[in-house]
Each structure stands twice: as structure tokens, then as C-alpha cells.
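Here is a briefing on one protein chain. Look over the fold first, then the side-chain details below.

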Amino acid sequence: MAFWEPCFGKDNECCDCECSWTKFLIWSAVVLLVGGLVAVLVIAFAVVFPPKAKADDAVLQRFALAPGNPAANSTISYNLTATVSLRNPNIYRTIAYGPLAVAFSFNGSRFDESATIPPFDHKPRKTATVRVTVGGVDKLVKLTAPGVKEFAAENDTSKFAVEMRLDTTLQYKGRSAKCPLVVICPLQLQLVDPDVAATAFQRTKCTILRAKKSGC
């Protein structure tokens with residue numbers, strides 16, 4: 001059945017009752033609306049998206065290295081606080097996170113992995129904020145010789161490049177798969193005096209790494 005049919009009467013004029021562009025436009029709009037609705041439903045229920053993450057704030061109040069000989073015997077003292085926001089971009093699906101293990105590294109060498117964030121549920125289209133504070137005195141850090149030199153160079157400017165990493169598993173509402181997830185946030189930190197107001201932190205986009213498997 002056609003949406004419209006050409007009909008010509010006297011003097012080759014179009015018949016008002018049959019030749020209606022209005023009907024054609026209405027039916028076209030209906031088809032587009034239905035197609036758009038189907039697309040939205042597919043995205044909402046069939047397609048899942050990983051969370052997005054940003055480092056919103058970080059404060060470094062102590063970062064002191066005692067170089068060792070060899071370099072792998074170096075020790076470090078530090079006080080660091082970092083805040084990360086996670087955004088669930090899904091329209092329908094809640095994300096359930098398992099415990100989040102937090103680790104901090106300098107020049108590829110971990111110096112702290114003591115913090116853990118408890119499991120929580122993340123509602124659709126919402127932002128969740130997690131905050132961790134870590135500290136240590138004379139903790140072993142297995143730096144390389146170039147890593148020790150890099151620390152000395154950054155110490156001269158009181159600005160340090162530190163990596164924050166979160167490891168967890170997530171599960172989308174309505175799906176059985178538990179998906180490994182890694183969040184990596186590069187932090188550019190200015191060493192500050194605890195008695196002086198902290199300098200402004202430049203918000204940083206974090207990298208999301210997720211397992212490529214069914215349901216994830």
C-alpha cells in the first residue's frame with residue numbers, strides 16, 4: 001500500500017483528495033520517529049558503555065626520596081590525596097563495582113598500593129566521586145638509576161609526574177559477566193606546604209582499560 005499516489009484531473013491538475021504531500025510528510029515523520037525510538041531502545045538495553053573518569057583534584061604535601069645503592073634500594077616518604085570522578089554514561093544500566101584497589105607510581109615504580117575503595121553501585125547517567133589519602137615514611141621504592149635522576153630533576157621544580165591506578169571489576173545491571181576494569185590517571189602534582197593554601201590542580205582525563213569479552 002503506497003503512502004501516496006499521483007492523481008491528475010482536468011487540465012492535468014492534481015486531485016486534492018489523492019495527491020497529498022501532507023500525508024507523505026506525516027508518514028515519513030512517523031517512520032523516522034519509530035526508527036529513532038528503536039535506536040534509542042537498542043542503545044539503552046543492548047549496548048553498554050564503560051564509565052568515564054577524571055582526576056578532579058590532588059594534593060601532594062610531602063615527596064622526599066632517599067636514593068639507595070643500588071637504586072632499587074631507595075626509600076620514599078610522602079603524603080598524597082587524590083579525588084577521581086566516575087561518570088556512568090549508560091541510559092538504563094546501573095554499574096556495580098567491586099572493591100577498587102588503588103596504587104600510585106613514580107617513573108614506572110609503585111610506591112604505594114595501600115588504599116582500597118569499598119564496592120558500590122553507580123546509577124545510570126550519574127557521577128560518583130572517590131577520594132583517597134595515602135602516606136608513608138621511608139618506604140622502599142624500586143626505582144631504576146634513571147628514575148632516581150628523574151626524581152632529582154623534578155624535585156628541583158617541586159613538580160612531580162605521578163600515576164594513579166585503580167583496578168576493579170564491574171558488572172552491568174541485567175548481565176552476569178564480571179568485567180575487569182583499569183583506570184589510569186596521570187597526575188601533575190605541585191609539592192605544597194601543608195600550612196599554605198594549595199595551588200590549583202589541573203583536571204585530568206583518565207584512561208579506561210576494559211576486558212574485551214562478551215557482556216563487557
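A residue is called buried at under 20% relative accessible area, exposed at over 50%, and partly exposed in between, using a 1.4 Å probe and protein chains only. This is a predicted model, where local features need pLDDT of at least 70, side-chain atom pairs count only at pLDDT 80 or more, and totals for chains, interfaces and linings use all residues. Residues are numbered from 1 along each chain as its sequence is written, and side-chain values use heavy atoms, with hydrogens and water left out.

**Overall fold**

- The chain holds two helices and eleven strands. These are DSSP runs numbered from the N terminus: helices are H or I with at least four residues, strands are E with at least two.
- The order along the sequence is α-β-β-β-β-β-β-β-α-β-β-β-β.
- Of the 216 residues in the chain, 37% are buried.
- Take contacts between residues at least 6 apart in sequence: 71% of them join residues at least 24 apart. A contact means heavy atoms within 4.5 Å.

**Salt bridges**

- The criterion is a side-chain nitrogen of Lys or Arg within 4 Å of a carboxyl oxygen of Asp or Glu.
- Glu113 pairs with Arg110, with the closest N and O atoms 2.9 Å apart. Glu113 is exposed at 55% relative accessibility. Arg110 is partly exposed at 39%.
- Asp112 pairs with Lys139, and here the closest N and O atoms are 3.8 Å apart. Asp112 sits in strand 5 (residues 109-117) and Lys139 in strand 7 (residues 127-140), so this bridge ties together parts 27 residues apart in sequence. Asp112 is buried, with a relative accessible area of 1%. Lys139 is partly exposed, at 30%.
- Asp167 and Arg165 also form a salt bridge, at 2.7 Å from N to O. Asp167 is partly exposed with a relative accessible area of 25%, and Arg165 is partly exposed at 26%.

**A buried arginine**

- Arg93 belongs to the loop between strand 2 (75-87) and strand 3 (95-97).
- Arg93 is buried but has no salt bridge. The nearest side chain of opposite charge is Asp121, 13 Å away. For charge, Lys and Arg count as positive, Asp and Glu as negative; His and the chain ends are not counted.
- What lies 2.5 Å from a polar atom of the Arg93 side chain? The backbone oxygen of Lys173 does. A polar contact is a pair of N or O atoms within 3.5 Å; within protein, one must be able to donate a hydrogen and the other to accept it, and residues adjacent in sequence count only if both atoms are side-chain atoms.

**Aromatic rings**

- Rings of Phe, Tyr and Trp (its six-membered ring) pair if their centres lie within 6.5 Å; planes under 30 degrees apart count as stacked, over 60 as edge-to-face, and the rest as tilted.
- That rule gives ten aromatic pairs. One of them joins Tyr97 and Phe120: the ring centres are 4.8 Å apart and the planes meet at 35°, so the pair is tilted.
- Tyr97 lies in strand 3 and Phe120 in strand 6 (residues 120-122), so the pair links parts 23 residues apart in sequence. Tyr97 is buried, with a relative accessible area of 4%.
- One aromatic cluster is formed by Phe63, Tyr78, Phe104, Phe106, Phe111, Phe151 and Phe160.

**Backbone details**

- The peptide bond from Asn69 to Pro70 is cis, with omega near 10°. Pro70 is placed in the loop between strand 1 (52-66) and strand 2.
- Arg125 is not a glycine, yet has a positive phi of about 60°. Arg125 lies in the loop between strand 6 and strand 7. Arg125 is partly exposed, with a relative accessible area of 45%.
- Asp138, also not a glycine, has a positive phi near 50°. Asp138 lies in strand 7 and is exposed at 52% relative accessibility.
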